[in-house]
Amino acid sequence: MHDMSAHAAQHHAPPTSFIRKYVFSLDHKVIGKQYYGLALVAALCGMVLSWMMRIHLGWTNAAIPGLQLLSKTGAPGGVMTPEYYLQLMTMHGTIMVFFVLTTAPFAAFGNFFLPIQVGAEDMPFPRFNMMSFWVTFVAFVVLMSSFVLGDGPTLGGWTQYAPLNAVGSVAGPGQGLGVVLWMISIALFCVGQLLGALNFITTTLDLRVKGMSLMRLPLSAWAWFITSCMGLTAFSVLFPACILVILDHVAGTSFFVASNLVLNDQLQPHSGGSTLLWQHLFWFFGHPEVYIAIVPGIGIVSHILITSMRKPMLSQRVLIYCMGALAVLSYGVYGHHMFVSGMNPFSALAFSFPTLVITIPATIVVLIWVFSLYGANLRINSASLFALGFISMFVSGGVSGFFLAQPSIDIMLHATYFVVGHFHMVMGVAAMFGIFAATYFWAPKMFGRMMNETLGRIHFWLSFVGTYCIFMPFHYLGMAGNIRRYSSFPDDYLQPLIPVHRLITVAALITGAAQLIFVYNLIHSRFWGKPATDNPWEATSLEWSTATPPPWDNFGGKYPVVYHDPYQYGVKSSVGDYVMQASPEQVKTDHDEK
Amino acid sequence: MAKFFAVTIIIIAILSAIPILRHTWVAPEDISTHGYLIDEQMSETMAEAGIAFLAAQFILAIFIWMFSNRGRDAKIKKFPGGATGLVIAALLLVGAEVLALGVFGVKAWADQYLTPPSAGAMPIQVQAGQFAFYFRYPGPDGTFGATHPELINEGSQNFFGLDPEHDPDSRDDIVTAEMAIPVNKEIHLLMHAKDVGHSFFVRELRVQQDFVPGLDVSLHFTATKVGKYEIVCTQLCGLGHYNMKAYLYVYSQEDFENWVKKEQAMQ
Amino acid sequence: MRPKPMLLALLTLLVCPSMMCPSLMFAGTVSGKVTYTGTPAHQKPIDMSKEPSCAKQHATPITTETVVSGPDNALENVVVYVSAGATDEGQVPSQAITYTQKGCQYIPHVLPMHVNQEFDIVNDDQTSHNIHPLPKVNIEWNLSQPPGTAPYHKKYDKAEFIPVKCNIHPWMHGWFVVLKTSHYDISKGAGDFKLPDLPPGKYTITAWHEDYGTQTADVTITGNETKDVNFTFKAKAY
């Protein structure tokens, strides 16, 4: 418990100038919105890239009108070259994983709501917070600059395996400057994330208002806290790995390039490096990274579902422990990306068991969600639809992980579309649904206006059905042996699968177009939406105790005191079937965390 | 809308399961000696994953149908047993399932990766380089000549950097762009990466293994059925990755020997 | 026009060209044969099975073209050119030259060209090719050319012997020979070459073969004669 006045000196005076209010703002709420805007732009870029990829896969030698304007060498006469496909694919993955899935659920919503949900005025290090956004912004600009500099972006996939990432342009277009720009961008991104993690962790541990014990934190706050712990430990490994690759390019080192490699009939001037070292470093980051992408969604969806269901989860503690277990176990499973990589085959078994075991907390989370629905009184709206959709997608995506966790099965499924289907369902769909649910739920608080409910439901239906139409067939393609990261499918056995790809492309274009409904809704509602009340969802956590939108210091100078846990629903109180966390009213309840 | 949603979930779940149950898109016939263990593992996992998938989606749908928009005065109920029952169920059911799959899967993996090739296995070298596979057979002297990376010259087809002028062992080496093996004979595949990472995948043989620059890995397997199969690269290696493949021919012993003679004449 | 200026104009027309190019009045030729001694290394058949659309274009597999020999030990694909003594360097020929990718083969195997002369790169195959010349002094580039796309127009601004490969099909190999002079020829068939239109002067003729190296010969042209210059390369067993 802390007396907030002791921290007053750390906090900033209200901003007055335009620059201080909207550009270089120290206010976590503005920073959160800035992150959201960045993620939105990134998501649209990533989505357009995916359209171009899908059109090329379905109709390989067809000209995409206008593509030559984006790159004359990459698309002569509008026909995409093999390297340009890979370059677009690399940028698609990089933009989506880093600048959308790590940014929106964690940095955007977390920055806006974590301080409010713990009852704080702001985060403890507002300047670091501001820097974290702007460093991330610069990282995005550096990444996008690779489209127009040199011979284009790197083509090595978002995983950037060695030695393809380190031998330079001799390995292909984009592998010189394109790789260096990618590495610089991601190194900057790591710095931004580390600064953010610092703030999130200290906010959660140190700035909780009176009465806000750890167990009384909303599940979204717990998710952001656990995610930031993962971020601190994962990004701090990716950062030096990127630096080492840059050194291999500019300083003549050979961290990742072995001896005696021959490209273009030329012996390469490198010796002694380790191909697998990069994979270990990358995946030690990479696996926690995908949990960084999903755990905020787990917390946010739980939070939204509880409000929508009008009852708490069967056990809040178990959900917290499961999120923690996912985070801890995520470090012990990373080798499941490397089963056939050439690492010691005993290691494969060693990584396989924790990967199978991580199914247990994931299953418990799903069981708690589903069986908490029993006896609930679900209010259906855009936010709750996406939250429920999240559960369906999480199950679908999680179940395919079950196959990939076993090395023997991975022999047949590694590097096929089965893997692509798996991670798109959990990240590309479930995590996105978490972002959508959060947007519909929290937009009223952030912008003071409700989003259009009809458009939200249309967005939901097209997205739910559409994403199943896109990504479920990926699993079948994978089982038939369709290899991933192919810019086209000339192999004999792939010919019968091309019609499937064409259907998927059509589904992808339609589903993509549906996202524009969301963008329109977001922008239109921001300015002309129905004005929102302070607590439109009849919810309980601290963000709903404050004004809509919250004042610059969140609580107008009067700190709340917390009397309840955040999920007192299904009770009888003076305001309805719920009691707000900051309300001193005592009611009869089954369980109220202390 | 809730009921419509519930029905949609169920329809999607059933439609997703249909291609699996009808074996519409499946791995091709297994022609290996070790693959049946992988296929069994896959079937068991599919059954368990399939049941879990259908059960979860169905229960989700049913609960959405039953417990939505029940009116402001509806009584909130709690699932009997609460979280405790669920945690125990998850630990027991899922725990047992994953342990079983993990333990039974060890043999499928170990047979391929933790056992050495037998003494009589036929060595064949494969080199992966942007963007083709080339194979080398040791020739009648049974010895592979030394490779010299600095002598590699693709224009004159010296893919392995052999030095026949000074190295007698390499003079009878047979370098081919297609791989041929005799049926029912164990092969010891020696894998070398010329430039960046690549991978060797033959679906029918149930083998997949990355080439690691700087680390010479190997595979062993036995093909049990004559035929023509495709070897494809599965590790992103550059712009030609999609076009990196070679044909694998499994021949009878006689046809294999004829093939070797034919290739030898072309060296 | 009045008669006197017309006469002047006519005279100028007659005189000036011959003053600008007095050599056109006298032009010799250097011609000859390129042969080899010894036994060349066996040219290996190329297995194109990974690209079926190309493989089926060759009833019998083509062989490598490192050493292409003709009847009577003729050596083909030798670029013979004036390496010293020419006074008309720098005039870029206007005719179009083409480098074609067909049947996963570069046609011609060796393409000589003048510095800054534009050449077209054409893809006649059903597969993409990625043409990757490997210069050391010129700017290096590589370009993918999907089937059905327009030819690329390229040129080099420095003299160099540039190996060319396809990034997608490792057996495809060829050469761009970029020369400062337009007095060049490439030996074909019986190993013949011919360098016409040489004004009187002392010349160094160089013959370049991609594997056997270069040889030079000095020759003097005095008038309209044809000088016979032959080159003999020593074959390499491997």
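**View 1. Helix 4 meets helix 14 in chain A of this predicted model.** From helix 4, the residues Leu101(A), Ala104(A), Pro105(A), Phe109(A), Phe112(A) and Phe113(A) meet Met427(A), Ala431(A), Gly434(A), Ile435(A), Ala438(A), Trp442(A) and Met446(A) of helix 14; contact here puts two C-beta atoms, placed from the backbone, within 7 Å. By class, this contact has 12 nonpolar residues, one polar and no charged. Ala, Val, Leu, Ile, Met, Phe, Trp, Tyr, Cys and Pro count as nonpolar, Asp, Glu, Lys and Arg as charged, and the others, Gly among them, as polar. Helices (H or I, at least four residues) and strands (E, at least two) are DSSP runs, numbered from the N terminus. As for the numbering, residues run from 1 along each chain as its sequence is written, while chains are lettered from A and ligands numbered from 1 in the order in which they are written. In this predicted model, local features need pLDDT of at least 70 and side-chain atom pairs count only at pLDDT 80 or more, whereas totals for chains, interfaces and linings use all residues.

**View 2. Chain B against chain A.** Here 85 residues of chain B are in contact with 91 residues of chain A. Helix 3 of chain B gives the most to its side, with 16 residues. That side of chain B divides into 50 nonpolar, 23 polar and 12 charged residues.

**View 3. Chain C against chain A.** In this view, 12 residues of chain C are in contact with 10 residues of chain A. Strand 10 (residues 143-145) of chain C provides the largest share of its side, three residues. The side of chain C that touches chain A has five nonpolar, six polar and one charged residues.

**View 4. The build of chain B.** Chain B has four helices and 10 strands. Its C-alpha trace spans about 95 × 40 × 35 Å along the principal axes.
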